[in-house]
Amino acid sequence: MSVAVCIVTFMVVCVFVFRPFVTAKGRIGERDAGPGGGTRLVEEREALVDAIRELDFDYRMGKVEEDDYRATRSRYESRAVELMRVIEETAGPAPGIEDRIEEEIAAMRKKDTVICAGCGRATPEGARFCPQCGTALAGSHP
Ligand SMILES: [Zn+2]
């Protein structure tokens with residue numbers, strides 16, 4: 001029981017800690033890496049996609065030599081792939097993290113809520129398997 005109170009307290013603290021970062025849009029995004037960052041990376045990736053599109057267009061119009069086209073395109077593509085990977089790694093707290101925490105606190109306050117051992121999310125009352133990841137729930141008895 002006291003463990004549950006501790007967890008709830010911790011989550012409430014988390015909400016207050018994360019709130020300024022979640023609501024102050026772009027504050028974290030000013031950094032290249034770090035939790036919630038990557039705004040600039042996303043912009044760079046979009047610019048790259050535009051550049052690739054433009055390059056394709058120029059190539060079709062005959063403005064770019066095939067060798068140049070292939071070399072430039074593969075360079076753009078590998079940079080785009082690299083950016084995608086970095087963006088995923090530094091995505092940090094998703095935009096919906098606040099809602100999710102509050103949702104989980106509400107679920108935990110309810111009696112007999114089972115927290116999934118597989119993904120740590122609260123599951124609906126009486127569920128035998130986690131709707132998120134399909135793990136069999138320990139608290140369920142036939
Ligand atoms: Zn799960």
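Biologist: Hi! Where is Thr90 found?
Modeller: Thr90 sits in the loop between helix 3 and helix 4 (97–109). Helices here are DSSP runs of H or I with at least four residues, strands are runs of E with at least two, and both are numbered from the N terminus. Residues are numbered from 1 along each chain as its sequence is written. This is a predicted model, where local features need pLDDT of at least 70, side-chain atom pairs count only at pLDDT 80 or more, and totals for chains, interfaces and linings use all residues.

Biologist: Okay, and why does Thr90 count as partly exposed?
Modeller: Because Thr90 has 17 C-beta neighbours inside 10 Å. A residue is buried if 20 or more other C-beta atoms lie within 10 Å of its own, exposed if 12 or fewer, and partly exposed in between, with C-beta atoms placed from the backbone.

Biologist: How far apart are the C-alpha atoms of Thr90 and Leu41?
Modeller: They are separated by 9.8 Å, while the two residues are 49 apart along the chain.

Biologist: Nice! Which residues of helix 3 make the contact?
Modeller: Among them are Tyr69, Tyr76, Leu83 and Ile87. Two residues are in contact if their C-beta atoms, placed from the backbone, lie within 7 Å.

Biologist: New topic: how many helices and strands are there in the protein chain?
Modeller: The protein chain has four helices and zero strands. Of its 142 residues, 5% count as buried.

Biologist: And Ile105, where does that one lie?
Modeller: Ile105 is in helix 4. Ile105 counts as partly exposed, because it has 16 C-beta neighbours inside 10 Å.

Biologist: Last one: what pLDDT does the protein chain average?
Modeller: The average is 76, and 66% of the residues score at least 70. pLDDT is the predictor's confidence in each residue, from 0 to 100. Over residues 24–36 the pLDDT is below 50. Where pLDDT is low, the predicted coordinates should not be read in detail.
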